[in-house]
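Hello,

Here is the structure I said I would pass on. My notes on it come after the model.

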Amino acid sequence: MTAPFGRRAVTISARETHGAYVVIRGHDPHGPAPRPGQFYMLQAAERWGGGDGERPFLPRAFSALRAHENELQFMIEDVGPGTNRLCELEPGDELLLVGPLGNGFTHPRDGREPLLVGGGVGIAPLAIWQDELGAGTKALLGFRDRPHAAGAGLLHDPVVATDDGSVGHHGLVTDLLDEELGDHIEVYACGPPAMLEAVRASCVERAVPAQLALESGMACGFGACFGCVVPTVDGYVRLCLDGPVLEASRLGTAVAYAGAGQ
Ligand SMILES: Cc1cc2nc3c(=O)[nH]c(=O)nc-3n(C[C@H](O)[C@H](O)[C@H](O)COP(=O)(O)OP(=O)(O)OC[C@H]3O[C@@H](n4cnc5c(N)ncnc54)[C@H](O)[C@@H]3O)c2cc1C
Ligand code: FES
C-alpha cells in the first residue's frame, strides 16, 4: 500500500493507558488502511520542538496497533522526548502522520499455522495481525514486569512471560518458543534485538519460516535519508522500504546489529 503524498492531520479521539503503555486513537478517513506490520511517521501538531528551549524533533516511527473503519490506533511507550509528547496527547489534540509505510506481514506459506511472538511494545504490530488472522491465533508475549504485561490485554488470549515472574511464565518469552516450533508453523515476531535474535536462531535451526519486524532509527520513513539501513545476506537494505518486516533467513546474524528493538 502506497502512502498518499504529504502529511495528514488526525484528531485524537481517545487516549487509554494499559499499564506502562499509552494507546492513542484517531480517525484517518483520507488514508489507505494499513497492512499489518506497516508503520506511520507521527508527530504532535503542537509543541513538537522548535520553541524556546525545545529540541526540534523529527517525526517518530510507530507500528499500526489496530485499524478499523478509518480509526487508527497506536501503542506508545514513553522512552524519550518524542514518545513523551505523544503520550501527553488528549482527545481533541492533533496528530500529524505520514503513512502507512513499509511492507507488512504476509500470510503463512504452505498452509502453516501462524505463531505470534512479541516482546514489550513490539507486540503492537502483532495485534493488528491477529485481528486479520483470527482471534484464535496463538500469541506468546514477553514483558519485563507486571506494569508492562498489562499490554498483553491488547491481544486475544496470549500466553505471557515476564522477566520478574510477576505474571505468567517466569523467564523469557523465547523459553516458550521451542516447544511450539514444528513443520506446521510460521513465526511472526517483533521485539527487542536480543529477543529477535533468539527467535531467528531457533527458527533457522528448526527450518521454520519466520518474518521479523525490525526497528532502526528512521528520519524520513520513505527511502530518502538512508538513516535506517540494516545489513542482510544480500547487502544493506533500507528498513523503511524493504522492511520493517524481513525474512529471518535474509538476516544472517544481523538482527543483533540492526538496531532492532521496541
Ligand atoms: C518501524 C518502527 C515501528 C515502531 N513502532 C513503535 C511502536 O509501535 N510503539 C513505540 O512506542 N515505539 C515504536 N517504535 C520505536 C520508536 O519509533 C522509537 O522508540 C523512537 O525513537 C522514540 O522517540 P523518542 O523521541 O521518544 O526517543 P529517542 O530520543 O529516539 O530516544 C531516547 C532514548 O531512549 C532510548 N530508546 C529509544 N527507543 C527505546 C525503546 N524502545 N526502549 C528503550 N529505550 C529506547 C534511546 O536509545 C535514547 O537513549 C518503532 C520504531 C520503528 C522503526
Ligand atoms: S528512514 Fe529515511 S531512508 Fe529509511
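The model is predicted, not experimental. The protein chain contains 5 helices and 16 strands. A compact globule of 262 residues would have a radius of gyration near 18 Å, and the value for this chain is 18 Å, so the two agree. Along the principal axes, the C-alpha trace spans about 55 × 40 × 35 Å. Of the 262 residues, 52% count as buried. Taking contacts between residues at least 6 apart in sequence, 62% join residues at least 24 apart.

Helix α4 covers residues 193-205. Its 13 residues should span 18 Å at 1.5 Å a residue, and the end C-alpha atoms are 18 Å apart, so the length agrees with expectation. The buried residues of α4 are Met195, Leu196, Glu197, Val199, Arg200, Ser202 and Cys203; charged side chains are thus among them, namely Glu197 and Arg200. What do these buried residues pack against? Their partners are three strands: β8 (113-119), β12 (185-190) and β13 (210-213).

Just after α4 comes Ala207, in the loop between α4 and β13. Ala207 has a positive phi of about 55° although it is not a glycine. Ala207 is exposed, with a relative accessible area of 61%. Phe226 is another non-glycine residue with a positive phi, of about 60°, and it lies in the loop between β13 and β14 (229-232).

One joins Gly99 and Pro100, with omega about 5°; Pro100 is in strand β7. Another runs from Gly243 to Pro244, with omega near 10°, and Pro244 is found in the loop between α5 (239-242) and β16 (245-247).

Strand β7 (residues 94-101) also holds Glu94. Is Glu94 buried, exposed or partly exposed? Its relative accessible area is 39%, so Glu94 counts as partly exposed. Leaving aside residues up to four places away in sequence, Glu94 touches Ala9, Val10, Thr11, Ala44, Ala45 and Leu89. Of these, Ala45 is 49 residues from Glu94 in sequence, yet the two are 5.4 Å apart, C-alpha to C-alpha.

Regards

Technical notes. Residues are numbered from 1 along each chain as its sequence is written. Chains are lettered from A and ligands numbered from 1 in the order in which they are written. This is a predicted model: local features need pLDDT of at least 70, side-chain atom pairs count only at pLDDT 80 or more; totals for chains, interfaces and linings use all residues. Side-chain values use heavy atoms; hydrogens and water are left out. Helices (H or I, at least four residues) and strands (E, at least two) are DSSP runs, numbered from the N terminus. The expected span of a helix is 1.5 Å times one less than its number of residues. Buried means under 20% relative accessible area, exposed over 50%, partly exposed in between (1.4 Å probe, protein chains only). Contact means heavy atoms within 4.5 Å. The radius of gyration is taken over C-alpha atoms; the globule rule is 2.2 Å times the number of residues to the power 0.38.
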